[in-house]
Amino acid sequence: MAIGVFDSGVGGLTVHRELTRRFPDRDFVYLADQANAPYGGRGGEEIVDLTRAGCERLFEAGASVIVLACNTASAIALRRLQQTWAPQARERFGRPVNVLGIIVPTIEAATGLPWTYEADRSGEKIEAIEITGVFCTAATAMSRVYEIEIDKRREDLAVFSEPCPGLAGLIELGATTEELKVVVDEHVDALRRRIGRHPDKAILGCTHYEIVADLFAEALPPGTSVIHQPTAVADALDRYFQRHPEYDLGSSGRRDFLTTGTPGPQTERVSQFWGAPLSFQAA
């Protein structure tokens, strides 16, 4: 058995790397749906279908808990899978299985509040005093999940999402640092123009963007706080496993990397980020 990590491509490796550091003895199976990446420009039903198929493959590979290390899949597909598909999967596989997302831990980190907390709206309305910018895919921006869920918990935080179409695809294809810097700078400046100033805090709301987190840090003013999803997800998963000892997560330290795309070595940027040459096998 193992912990499964799913993403449309290589972006989920940012979360996967942190999880393997946090749980070094556990077994892991990573699946990149590179044949269909990126997800950000796809329709909702297609995203749900692709995510369901990826999770099915990971359960077949022995995963007990799957982390959707993809903001688009978490925003669009997670609730449907948890409510209507996961219960059937438990019956079919005859063991405890579940699918978890990465948006809840990110919102908890951004607000400093637990997911179960909701602000008391009975008093006088509070004018937002801090701005959080969310750099994300078009599908995540359209879902408005960060605006809605952060506002439920913190009236003093204003949230603005900046869709970055094409950025995840460029990272996936191994674009040069110079090419990526131009795109990142353009989106950081676009958000600044839209809200009238730079945000006080930023969320890299696509796990691909963590691979170029240094470029976002350079484009944002010094001292801008950046919420790093991998750390937030690892913290939340640690707490989840303490509450749910029923999952068999393996104990041999196995690491499998699967892709629906072309198997073989990944790009130089991905290998540099991972810290060693990385090759995927056919799913």
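Two strands pair if DSSP finds at least two bridges between them. The legends below use that rule on a predicted model.

**View 1. Seven strands build an open sheet.**
The strand order is S4-S3-S1-S2-S9-S11-S10. Pairing within this sheet is mixed. Strand S4 (98-100) lies at one edge and strand S10 (264-265) at the other. Each of these edge strands pairs on one side only. Strands of a sheet pair through backbone hydrogen bonds, either parallel or antiparallel.

**View 2. Strand S3 meets strand S4 in parallel.**
Three bridges join S3 to S4. Which residue of S4 stands opposite valine 67? Leucine 100 takes that place. S3 itself is largely enclosed by the rest of the structure, because six of its six residues are buried. Buried here means under 20% relative accessible area.

**View 3. Strand S1 pairs with both S3 and S2.**
S1 covers residues 2-7, and S2 covers residues 28-32. Five bridges link S1 and S2, and the two strands run parallel. Valine 5 stands opposite tyrosine 30 of S2. On the S3 side, five bridges join S1 to S3, again in a parallel pairing. There, glycine 4 stands opposite isoleucine 66.

**View 4. Helix H2 packs on the seven-stranded sheet.**
H2 spans residues 44-60. Which strands does H2 touch? The helix touches S1, S2, strand S3 (63-68), S4 and strand S9 (255-259). The direction of H2 makes about 150° with that of S3.

**View 5. Strand S5 pairs with S6 and with S7.**
S5 runs through residues 130-136. Six of its seven residues are buried, so S5 is largely enclosed by the rest of the structure. Seven bridges join S5 to strand S6 (residues 157-163), and these strands run parallel. Strand S7 (residues 201-204) also pairs with S5 in the parallel sense, over four bridges.

**View 6. Helices H5 and H11 cross at about 105°.**
H5 holds residues 103-111, and H11 holds residues 229-243. Their axes are 8 Å apart. The two helices are therefore roughly perpendicular to each other. Which residues make the contact? H5 supplies Pro105, Thr106, Glu108 and Ala109. H11 supplies Gln229, Ala232, Val233, Ala236 and Arg239. By class, the contact has five nonpolar, two polar and two charged residues.

A disulfide is a covalent bond between the sulfur atoms of two cysteines. How many disulfides does the structure hold? The count is zero. Cysteine 55 is buried, with a relative accessible area of 0%. A disulfide needs the two sulfur atoms within 2.5 Å. Cysteine 206 is buried too, with a relative accessible area of 7%.

Methods:
Residues are numbered from 1 along each chain as its sequence is written. This is a predicted model: local features need pLDDT of at least 70, side-chain atom pairs count only at pLDDT 80 or more; totals for chains, interfaces and linings use all residues. Side-chain values use heavy atoms; hydrogens and water are left out. Axes are lines fitted to C-alpha atoms, for helices over the stretch in contact, and angles run from 0 to 180 degrees between N-to-C directions. Angles under 35 degrees count as roughly parallel, over 145 as roughly antiparallel, 65 to 115 as roughly perpendicular and the rest as oblique. Contact means heavy atoms within 4.5 Å. Ala, Val, Leu, Ile, Met, Phe, Trp, Tyr, Cys and Pro count as nonpolar, Asp, Glu, Lys and Arg as charged, and the others, Gly among them, as polar. Buried means under 20% relative accessible area, exposed over 50%, partly exposed in between (1.4 Å probe, protein chains only).
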